[in-house]
Amino acid sequence: MNETNSINEALPTSGHSPMYVMHKFFARKQEDVIREYIQTYSNEGDVVFDPFCGSGVMVAEALRLGRKAVGVDINPVAIFITKNTVKKTSSTERIVDEFKQIELEIKQDIEELYQTTCRKCGKIVSAICFTWKNRDLIDVRYECSHHGRLISPVNDVDLDLLKKIEDGAVSEFFDDRRGCRYWYPTNSLYYSDGTPFLKKERFNAINDMFTQRNLVALAKLLTRINEITDSDLKEAFRFAFSSITHLASTMTPVRPSRPFSSAWVQQSYWYVTNNMESNVWKLFERAVIKRQGLIKAKEDLPKDFEDKQEVKKFDELAKREEYAYMLIQSSINDLEEIPEESIDCVITDPPYGHSIQYGELLYMWGSWLQLMENFDEIARGEIVKNPRQEKDDMEYEQMMRKAFRKIFQLLKPGRYCIVTFHNPSLKYRNILFRSVLLSGFEFEKIVYQPPPRASVKSLLQPIGSQRGDYFFRFRKPKKKKKLSYKPIKMNNVEELIVDITRKIIMDRGKPIHHTDIQNALDPILYEELKKSDLLMTFNPEGVERILQKHIGEVFQLVDLDPIRIGNKTFQPKGWWLIDPHLHEKKKE
Ligand SMILES: C[S@@+](CC[C@H](N)C(=O)[O-])C[C@H]1O[C@@H](n2cnc3c(N)ncnc32)[C@H](O)[C@@H]1O
Ligand SMILES: [Zn+2]
């Protein structure tokens, strides 16, 4: 930490490294940016704290920089992913040996479930995947050593095999009464009072998301993994296992651009009508030994992570000279393990209103991993907006405020609290801002941080999600002081927004997309409010809505360059001034 050195502009960023791509998570933070923030706002040996640690990027990066780290998350799946991301585990050799052993024992049984023949030479191969349409098997995709990768309509042999599996007539997987010999999760997608998950779509239980074939294949694989005696090794393999479950589900659309690979591309339990059914063994193999697999992830971890000890008590963490970390599965609002004023730096990425339903979405992995016994408690304590959990904006804000009051207490005076936030609406950014400010923090700066590559699509869908992050910098005052704010009125906010937008357009000197206005606006808007200790005590309208009211009077919408996606052309609109010269004069 260097008092004269602060981050006031967006930082360069490149994609995720292997240790982070191993397991899917929703809205994982860009590690290189996080690293810069930790470097700038904490010192070596400091305790860095993330009360909403998710997949653990802040924890891992803090450790990389020689800080001690404390990660808290209410969801056991988040803690599981964090733990497995930072744990150096056993050597590569042990992973390879265990993998070979598993391969020897069960690969053949599993691959037989996907057996087909090359249509060109009759060679028996095991399919990479099948595709389905409206719950009918359509085609089979495989690789023949002579003919390469092929896609063929399914034939009678493929259909017979499927029937055999659906009838429970494969003795390696089913008993005499056609029941699966191995355990798989049947957790229901309803809260305990019978209310359906917001994101369940047409599924009623976890097992509904899988074909019978993939369900039993996963079940057999997991049973074998759970038999591993060395607990570190077992956890590492459970991590690899969990990382393929969604890829083996029916929530994976057929994508013409990637005909042999599956992905879960929606933030819901998406019911796809034209879906993939990927070979579980091939997915698992990839998850362990291929480019984005477990071995690569472990090799990517810095060497000295072997020495990083996980401790269970805060005293132990505090008194250690060398690296250590602590992971706590708890709601920040019930956290008792950490004493007041013992944290040196907070860097966190709290839940964004309703945009990602972490509790519901992590439930699929959690069910396979058998970590969801206390789901009711998780759902109760989760900070989110979700009508199915009876949480509206107000409840969300109350929970956020409570969280930041707690975070304020835990931080040492004079220290920083960096909050990153992703929600595309001003309303939720303002709820966050208000929660942090009213807990006693002083606001210093907002920096907009664009995503690694701005996708063309995201520009066209301004309410989409890939729109980069805001980094809010707050600080706990060195001495206790009473901060007070004056409420600003909605029409004054509106005037301010129109005025700032006008300046943003003038500065760029050309029409700009609404998304770009949003991104540039917040930092200036909050800076302006800060100058006079003003606070938006209400939930503001969306920026676009506000600007629209001034079309014809201040702004006009003009055509930007058309964008082509595939064979479609889109015509984005840009905001421009009615009379730029007039504004130029006004400025002088
Ligand atoms: C936006 S995510 C964090 C993502 C993380 N920065 C990453 O890079 O993966 C927010 C997290 O807050 C957690 N969360 C929600 N309510 C919580 C609570 N009351 N206490 C602690 N964590 C909570 C969610 O489970 C989720 O993992
Ligand atoms: Zn062939």
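User: How many of the eight residues of helix α3 (residues 57-64) are buried?

Analyst: This is a predicted model, in which local features need pLDDT of at least 70, side-chain atom pairs count only at pLDDT 80 or more, and totals for chains, interfaces and linings use all residues. Residues are numbered from 1 along each chain as its sequence is written, while chains are lettered from A and ligands numbered from 1 in the order in which they are written. A residue is buried if 20 or more other C-beta atoms lie within 10 Å of its own, exposed if 12 or fewer, and partly exposed in between, with C-beta atoms placed from the backbone. Helices (H or I, at least four residues) and strands (E, at least two) are DSSP runs, numbered from the N terminus, and in α3 the number of buried residues is eight.

User: Which glycine follows α3?

Analyst: The buried residues of α3 include Val57 and Arg64. After the helix comes a residue with a positive phi, near 75°, and this is glycine 66.

User: Within what arc do the buried residues of α2 fall?

Analyst: In α2 (residues 31-41), the buried residues are Glu31, Val33, Ile34, Tyr37, Ile38 and Tyr41. They line one face of the helix, because down its axis they fall within a limited arc. The arc is that of the directions from the helix axis to the C-beta atoms. Its value is 160°.

User: Is serine 17 exposed or partly exposed?

Analyst: Serine 17 is placed in the segment before α1 (18-21). Serine 17 touches Glu31 and Asp300, leaving aside residues up to four places away in sequence; a contact means C-beta atoms, placed from the backbone, within 7 Å. Since 13 C-beta neighbours lie inside 10 Å, serine 17 counts as partly exposed.

User: Which strands are the edge strands of the open sheet of eight strands?

Analyst: The order in this sheet is β9-β10-β2-β1-β11-β12-β14-β13, with mixed pairing. Two strands pair if DSSP finds at least two bridges between them. Each edge strand pairs on one side only, and these are β9 (309-310) and β13 (442-449).

User: Is asparagine 134 exposed or buried?

Analyst: Asparagine 134 lies in the loop between β5 (129-133) and β6 (136-144). Its phi is positive, near 45°, in a residue other than glycine. Because 8 C-beta neighbours lie inside 10 Å, asparagine 134 counts as exposed.

User: How many residues of the shell around ligand 1 are charged?

Analyst: Ligand 1 is surrounded by 23 residues, the closest being Phe52, Gly54, Ser55, Ser331 and Asp349; a residue is near a molecule if its C-beta atom, placed from the backbone, lies within 6 Å of it. Ala, Val, Leu, Ile, Met, Phe, Trp, Tyr, Cys and Pro count as nonpolar, Asp, Glu, Lys and Arg as charged, and the others, Gly among them, as polar. The shell has 12 nonpolar residues and six polar ones, and the charged number five.

User: What distance separates the centres of domain 2 and domain 3?

Analyst: The domain assignment gives domain 1 (18-85 + 302-483), domain 2 (92-299) and domain 3 (484-588). Such bounds come from an automatic or database assignment. Taken over C-alpha atoms, the distance between the centres of domain 2 and domain 3 is 48 Å.

Methods
Contact = placed C-beta atoms within 7 Å.
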